[in-house]
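Trainee: Could you take me through this structure, one question at a time?

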Amino acid sequence: MKHPLSAITDRLVIAVPYLWLLVFFLIPFFIVFKISLSTTAIAMPPYTPTLGLADGFSGLLSQISELSFDNYLWLTQDALYFNAYVSSAIIAGISTFLALLVGYPIAYGMARAPATIRPTLLMLVILPFWTSFLIRVYAWIGILKPEGLLNQLLLATGIIDQPLVILNTHSAIFIGIVYSYLPFMILPLYSALEKMDYSLIEAAQDLGCPPASAFWKITFPLSLPGVIAGCLLVFIPAVGEFVIPDLLGGSQTLMIGKTLWNEFFANRDWPVSSAVAVILLLLLVVPIMFFQQAQARAQEQGR
Amino acid sequence: MNSSWSRFNITAIVLGFAFLYLPIVLLVIFSFNESKLVTVWGGFSTKWYVSLFNNQGLMDAAWVTIRVGLISATMATVLGTLAALALTRYTRFRGRVLFSGMVFAPLVMPEVITGLSLLLLFVAVGLDRGFFTLTLAHITFSMCFVAVVVQSRLVTFDRSLEEAAMDLGAPPVKTFFQITLPVILPAIISGWMLAFTLSIDDLVISSFTSGPGATTLPMKIYSQVRLGVTPEINAACTILIAIVAVGVIAASLVNKRREVQRLRDEQAAQRG
């Protein structure tokens with residue numbers, strides 16, 4: 001028995017968020033794509049043609065004929081952009097791997113902790129995520145500077161005699177990404193490891209399997225969904241990261257998020273920054289679809 | 001069985017949490033530094049907090065940030081909860097794949113792309129950039145986080161409660177407000193808080209979508225950080241951290257109390 005009102009409310013529940021996301025998430029991508037085919041102009045908005053029906057339909061057609069792939073050609077000709085894409089992917093890849101190395105033991109330790117303190121540990125992992133990203137990155141400047149706290153500590157303890165140069169290098173970016181995205185790595189790992197049946201390991205060890213090989217043969221494969229989810233959650237946003245390379249990486253670091261930002265804010269070249277965004281999105285489409293499928297699967301299992 | 005909670009596990013956790021918390025702790029400590037240098041301790045002082053409150057630019061930015069945060073978090077919670085309901089309750093409707101894609105993709109979408117695309121939308125439709133566009137942008141990216149938080153609660157929700165209410169003649173809307181909403185309320189509240197913190201923390205999307213007169217605190221902090229690290233910024237950061245920490249701890253205490261109450265009620269019901 002369906003209530004007569006329910007058909008209308010059903011529709012609204014779906015339609016309102018659907019329309020919102022269409023207008024503010026999906027349609028903007030088409031605008032980005034369109035503007036990436038325009039040419040830079042000294043006007044406001046700073047691109048041409050602007051595509052509109054102001055000159056009638058024939059006007060629109062002639063505007064469409066002005067669109068061109070010149071910006072993309074420009075991106076392939078200037079090695080700067082290609083290098084920025086490659087180095088973003090490499091930096092994000094290395095950082096993701098480091099985050100996995102750091103995050104796995106923590107997630108494992110949390111999953112094996114007594115059940116009574118697990119919620120507290122979980123909250124402690126989530127808490128830094130609630131504090132500002134910008135602030136957490138900023139905090140590292142004071143630590144990594146040549147006269148910063150890390151060098152002071154290392155010099156005072158006599159481990160080094162010369163201050164280490166870390167700020168404005170790739171190492172600083174790795175530290176920044178691992179630090180900022182670590183909760184994203186730990187949480188899926190933890191939820192995969194917590195569900196695991198540890199009697200399997202005991203069984204393996206009873207049968208004479210050494211702990212290390214029990215880990216690689218049982219624990220790690222069973223935690224693989226968490227590993228994949230965690231790596232995607234770190235890798236995808238890290239590729240387009242802007243704040244970390246800008247504040248910790250110094251001027252020589254090439255990362256695509258920073259390049260896009262500079263094209264837009266410093267050079268005011270909207271069409272080229274749109275083209276940079278389109279290519280970045282194309283590179284990320286595959287990992288993003290992987291992520292969505294993993295999410296959908298997890299949702300089905302939760303049912 | 002506690003042999004599994006081995007020395008290795010404890011070491012990993014202690015080192016991990018030290019890594020997560022030490023930078024924030026150091027930042028807070030150095031906000032009370034007498035010296036102008038943020039890395040050399042010169043004695044305890046609260047003078048940076050005083051100069052912070054006398055900094056009109058920062059105070060204006062803080063006010064903009066809080067207003068955008070409150071409005072966008074509230075709107076995002078409504079839209080995100082609807083999106084979560086749509087995803088869990090309606091397994092078949094036209095364009096569901098696209099819809100779930102649009103809910104999950106913003107979670108990982110690089111902020112520069114979201115920011116740029118929203119800005120180009122606002123320019124294309126001729127909206128002046130400012131407080132309004134900033135709020136629209138914040139609603140859009142934070143509603144997806146709310147949707148995920150609420151959805152994870154909804155999938156474990158016992159639908160027989162709703163069916164019982166409907167069988168007894170309650171209309172769907174009434175069922176939602178009297179049965180469903182109270183059960184998923186903790187998730188909705190944490191969704192709101194997440195949306196609020198995401199909003200007050202955001203730098204990249206705000207920089208693209210904001211205009212003159214609507215500078216947020218992160219934008220202000222960012223422009224000052226580029227000029228150099230000062231204890232005043234540390235003080236501003238410490239206040240932001242304190243607000244968030246108090247909010248999160250208060251929410252988790254409320255949740256815990258609710259949980260204890262629920263257990264007690266269940267026990268009472270079983271005895272009765």
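Mentor: Two residues are in contact if their C-beta atoms, placed from the backbone, lie within 7 Å, and helices are DSSP runs of H or I with at least four residues, numbered from the N terminus. The model is predicted, so local features need pLDDT of at least 70 and side-chain atom pairs count only at pLDDT 80 or more, while totals for chains, interfaces and linings use all residues. Residues are numbered from 1 along each chain as its sequence is written, and chains are lettered from A in the order in which they are written.

Trainee: Is α8(B) roughly parallel or antiparallel to α11(B)?

Mentor: Axes are lines fitted to C-alpha atoms over the stretch in contact, and angles run from 0 to 180 degrees between N-to-C directions. Here the two axes lie 11 Å apart at an angle of about 175 degrees. Because angles over 145 degrees count as roughly antiparallel, α8(B) is, relative to α11(B), roughly antiparallel.

Trainee: Which residues in α11(B) meet α8(B)?

Mentor: From α8(B) come B:P186, B:I189, B:S190, B:M193 and B:T197. Their partners in α11(B) are B:V244, B:G247, B:A251, B:N255 and B:R258.

Trainee: Which helix gives the largest share of the side of chain B that touches chain A?

Mentor: In chain B, 65 residues are in contact with 78 residues of chain A. Several helices each supply at least two residues of that side, including α3 (56-89) and α6 (131-154) of chain B, but the largest share, 12 residues, comes from α1(B).

Trainee: Is B:V25 buried or exposed?

Mentor: B:V25 belongs to helix α1 of chain B. A residue is buried with 20 or more other C-beta atoms within 10 Å of its own, exposed with 12 or fewer, and partly exposed in between. Since B:V25 has 12 such neighbours, B:V25 counts as exposed.

Terms used: Angles under 35 degrees count as roughly parallel, over 145 as roughly antiparallel, 65 to 115 as roughly perpendicular and the rest as oblique.
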